[in-house]
Structure formats: structure tokens, C-alpha cells
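Hello,

Here is the structure I promised to pass on. Please have a look, and my notes follow below.

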Amino acid sequence: MKSIIVSGIGRCGKSFLSIGFALNLKNCGYFKPIGERRLMGGKMIDEDIPLMKEICKLSFSDEEICPGLFFPEKDISLEKIKEAYNKISEDKDYIIIESDLVRGEKKHLGAFHIAKALNTKILLVIEEKNGWEDEMAFLKELGGEAILGVVLNKASQTIKGEFLGIIPKREEFFSLSVSQIHEALDANLLAGEDGISKMVEHILVGAMTPQYALGYFERTDKKAVITGGDRTDLILSALTEDTSCIITTGDIIPSPEVIRKAEIRKIPILSVSWDTLTTADKIEKIIPRINPDNKVKLSLIKELTESLANAIFK
């Protein structure tokens, strides 16, 4: 049985690589020692686990796959992690372990400790951003022989270096679906339910005049427009263009004319209680996720990680 810990700091691309490896490997298991729960639809969940259960066809419970699912509220130890890992890895040819490099470090549960306990190596994922070279140098020196190699993620240009793999930056992985926004904001769906699966690539705050807004809307495709529910003129302008959804703020319900046109165009209208700028800020913080039924994205992830999976596991 071959295993690897896919690790890095924060939102660096750990889940992306874990998904890609699982798609490229047969009889592959998935293990996440400590969960990273987020508020979704009014409850705290680790959204990686349901997706990986689907991809790997795993019948284990969420807590069996992730013994530290409720950390730090619920205590967890390296010994419990080892026991759970041994159970998960039975009869598997490959195991993908996803672990944040520093989460749990105060209790010696960071990725370096877990790698030692499970007798495996770390694939370090670094996102290309300001200071990434210093981050990589520091972590490689800190990890030493525990690090198998480095993958540079979201690479925007051709970079030379000793990398096991380079994943280019692709805009399609940063888009949100309307359903994700609906769920994350716990918004009320007022119209356009048939368009809930549309993708959002741009967020526009509608605070201009309708005459100016129309030209702005024409130049921007697959957009979410955030505006007050009483801005009927602006909302109607948005409904004539390639708009993925409209988010009305202040708990103001748009006019029946707006609701009727949104239903015809199959453009969802979501209603929230916050002001426009607060709503925009909350949307910016939503982490794009990949659903099991998003075959296009999954196929692209598999393609982008195939050679790396072969290099590491085959």
C-alpha cells in the first residue's frame, strides 16, 4: 500500500491535488486526520469529506475518515489517528492523506508529526503568491527528509525549479455556483430556481444609474449583481443580460414585475438582510468547491494531475 500526505498552509490546493490523485488511482482511499469545518447552509461541515467519499466510493462514516472532525472541541490524539488510519487503509492500494501543515501543531498534530506517526512522506503544496519562494524554502528546510517534493499551484507563468509538479492557474476553478452562494449566505430564493446551477465568475455591486449599469452589464458575463431590492430599474437591466443571479439586500423584496421576469429568464433572485457592501464581502470569502456531479471540472482536475499521480504512485 502506498500513501502520501498532501499538505501545505491554508488554502493552497491540498483538496485539488487530493481529488486529482483519487481520480487517477484505482482502489484508492482517503484520510483526513483533522477536519477543517466551515459554515455552510447554517451548519458546520467539512465539505471535502462527502466529495472524497463519492469519488473513492467509501462506505466509512465522516468521523471514521476524519477522526479529528470536531477538533478542537473534541479531543484527538496521534494514537487515535493511527488507529483510524489503519482501519481506513485496509485492502487499499493507495491512501491519500490530506492534512494542513500547521493545524493542530500545538498538540503535536501537525502534518510533520502525522507523517512520522504514519510512516509516510509529505507532498508540499505551495501556492504562487507574494513571498511563495521564501515560504517554500523555509518549509523545505523545516521538513527536511519528511518532504517528498513540492508542487507549485496556481502558477501564472513558466517557472523553473525543482518541483514534482506545476499546476497552472485556471479561472474556472475560482468560479462559484449560484447554489453555493445561496447555501453559504443562507439566502431566501425568491425566483429563478431553475437557474440555481448557473456559475458565477464576476461579482458586481449595483450602485450606479441604470444607463451606466447597462453598459457595465453588457461587458461582464456570468455575473452576480448585488443591489437593493428596491432598485427595480437596475435589476431589470441586469435581467436583460448574461446574469447568473441577482442578490437583493436589506430584506427588500423586489416588485412582482421583477420576480415575473426573473422566472421567465430563469435567473435566481436571492434575498439577504445585510447591506450591499457587507454582502459583497461575505461572497468574496466563500470558498469555491467542486461537486461530485461537476463532471467538467473533475475531468480537468484529473487531466492536470495525471502525470504527477503517475510519478508519485506508479
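How much accessible surface does the protein chain have, and what share of it belongs to carbon and sulfur atoms? The surface comes to about 15,400 Å², and 50% of it belongs to those atoms (Shrake-Rupley method with a 1.4 Å probe; for residues, only the protein chains shown count as cover).

A word on the basis: this is a predicted model, where local features need pLDDT of at least 70 and side-chain atom pairs count only at pLDDT 80 or more, while totals for chains, interfaces and linings use all residues. Residues are numbered from 1 along each chain as its sequence is written, and side-chain values use heavy atoms, with hydrogens and water left out.

Of the 314 residues in the protein chain, 50% are buried (under 20% relative accessible area, 1.4 Å probe, protein chains only). The C-alpha atoms fill a box of roughly 65 × 45 × 35 Å along the principal axes.

Y94 and F313 make an edge-to-face pair, because their planes stand at 85°, with the ring centres 5.7 Å apart. Y94 is buried at 14% relative accessible area, and F313 is buried at 2%. Ring pairs also link F21, Y94 and F313 into a cluster.

Finally, K282 lies over the face of W274, 4.7 Å from the ring centre (NZ of Lys or CZ of Arg within 6 Å of the centre and within 35 degrees of the ring normal).

Best wishes

Definitions and conventions:
Phe/Tyr/Trp six-rings, centres within 6.5 Å; stacked < 30°, edge-to-face > 60°.
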